[in-house]
Amino acid sequence: MSIKLITSTLLPTPFAEFRLHGFEAANGKEHVALTLGDISTDEPVLARVHSECLTGDALFSLRCDCGPQLEAAMKKIADTGRGVILYLRQEGRGIGLINKIRAYAEQDKGLDTVEANEILGFLPDQREYDVAAEMFRQLGVKQIRLLTNNPRKLKALQDVGVNVLERVQHRVKTTAHSHRYLATKAAKMGHME
């Protein structure tokens with residue numbers, strides 16, 4: 001997939017002053033990267049590849065762990081003093097915001113997150129990571145230490161050419177609302193501790 005770095009600026013946050021990089025893909029989707037420190041050396045970079053989750057990242061939903069994962073990644077990178085977060089516009093594991101709300105409605109009826117996607121005609125996870133590989137390349141990142149508990153994301157990134165040297169555990173606190181969601185991700189999607 002073709003993607004182009006359009007612009008960069010400083011982004012002060014409670015954790016650190018990151019650089020915010022705006023990318024535009026050939027399909028018109030816009031993605032961003034947050035970077036801290038010199039990430040273009042040969043030394044592995046602490047990295048998080050985070051898919052957009054409006055409900056979790058911006059609306060503080062307790063149904064998932066997305067917002068806390070993003071915040072924890074920002075804190076870990078700030079504490080390390082060097083790293084990158086790719087924020088990919090792949091809402092609802094790639095099904096889009098409205099379909100994600102539809103999937104939530106199915107979960108309200110008792111289905112789990114995988115069953116809800118499937119009943120709507122989607123795969124459990126439709127995300128693609130070729131754009132991430134190109135973003136890393138354009139940012140000068142040669143190898144990463146990936147903050148994830150998702151073995152499929154790890155493999156998908158390696159399959160598109162990202163040099164992942166290490167998986168770094170990335171667990172956040174479970175809530176009463178997210179317990180079933182996280183248990184489903186572990187049981188049906190292989191997420192690790």
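How many aromatic pairs does the structure hold? The structure holds 0 aromatic pairs.

The model is predicted: local features need pLDDT of at least 70, side-chain atom pairs count only at pLDDT 80 or more, and totals for chains, interfaces and linings use all residues. Residues are numbered from 1 along each chain as its sequence is written, and side-chain values use heavy atoms, with hydrogens and water left out.

A charge does sit over a ring. The charged end of Arg63 lies over the ring of Tyr104, 4.2 Å from its centre. The criterion is NZ of Lys or CZ of Arg within 6 Å of the ring centre and within 35 degrees of the ring normal. Arg63 is partly exposed, at a relative accessible area of 26%. Here buried means under 20% relative accessible area, exposed over 50%, and partly exposed in between (1.4 Å probe, protein chains only).

Arg63 also takes part in a salt bridge with Asp108 (2.9 Å, N to O). Asp108 lies in helix H4 and Arg63 in the loop between helix H1 (54-58) and helix H2 (66-80), so the pair ties together parts that are 45 residues apart in sequence. Helices (H or I, at least four residues) are DSSP runs, numbered from the N terminus. Asp108 is exposed, with 58% relative accessibility. Across the whole structure, 9 salt bridges are found. Each is a side-chain nitrogen of Lys or Arg within 4 Å of a carboxyl oxygen of Asp or Glu.

Helix H4 also holds Lys100. The side chain of Lys100 forms a salt bridge with that of Glu91 (2.6 Å, N to O). Glu91 is buried at 6% relative accessible area, and Lys100 is buried at 7%. Lys100 and Asn117 are 17 residues apart in sequence, and their C-alpha atoms are 8.1 Å apart in space.

Helix H4 (residues 97-108) gives the largest share, 3 residues. Ile101 belongs to this helix and is partly exposed, at 44% relative accessible area.

Helix H6 (residues 130-139) is mostly covered, with 7 of its 10 residues buried. These are Val131, Ala132, Ala133, Glu134, Met135, Phe136 and Leu139. Glu134 is buried at 19% relative accessible area. Its partner in a salt bridge is Arg137, with the closest N and O atoms 2.6 Å apart. Arg137 is exposed, at 54%. Both residues lie in H6, 3 residues apart, about one turn of the helix. The two side chains also make a polar contact (2.6 Å). A polar contact is a pair of N or O atoms within 3.5 Å; within protein, one must be able to donate a hydrogen and the other to accept it, and residues adjacent in sequence count only if both atoms are side-chain atoms. Just after H6, Gly140 adopts a positive phi of about 85 degrees.

Notes:
Helices (H or I, at least four residues) and strands (E, at least two) are DSSP runs, numbered from the N terminus. Rings of Phe, Tyr and Trp (its six-membered ring) pair if their centres lie within 6.5 Å; planes under 30 degrees apart count as stacked, over 60 as edge-to-face and the rest as tilted.
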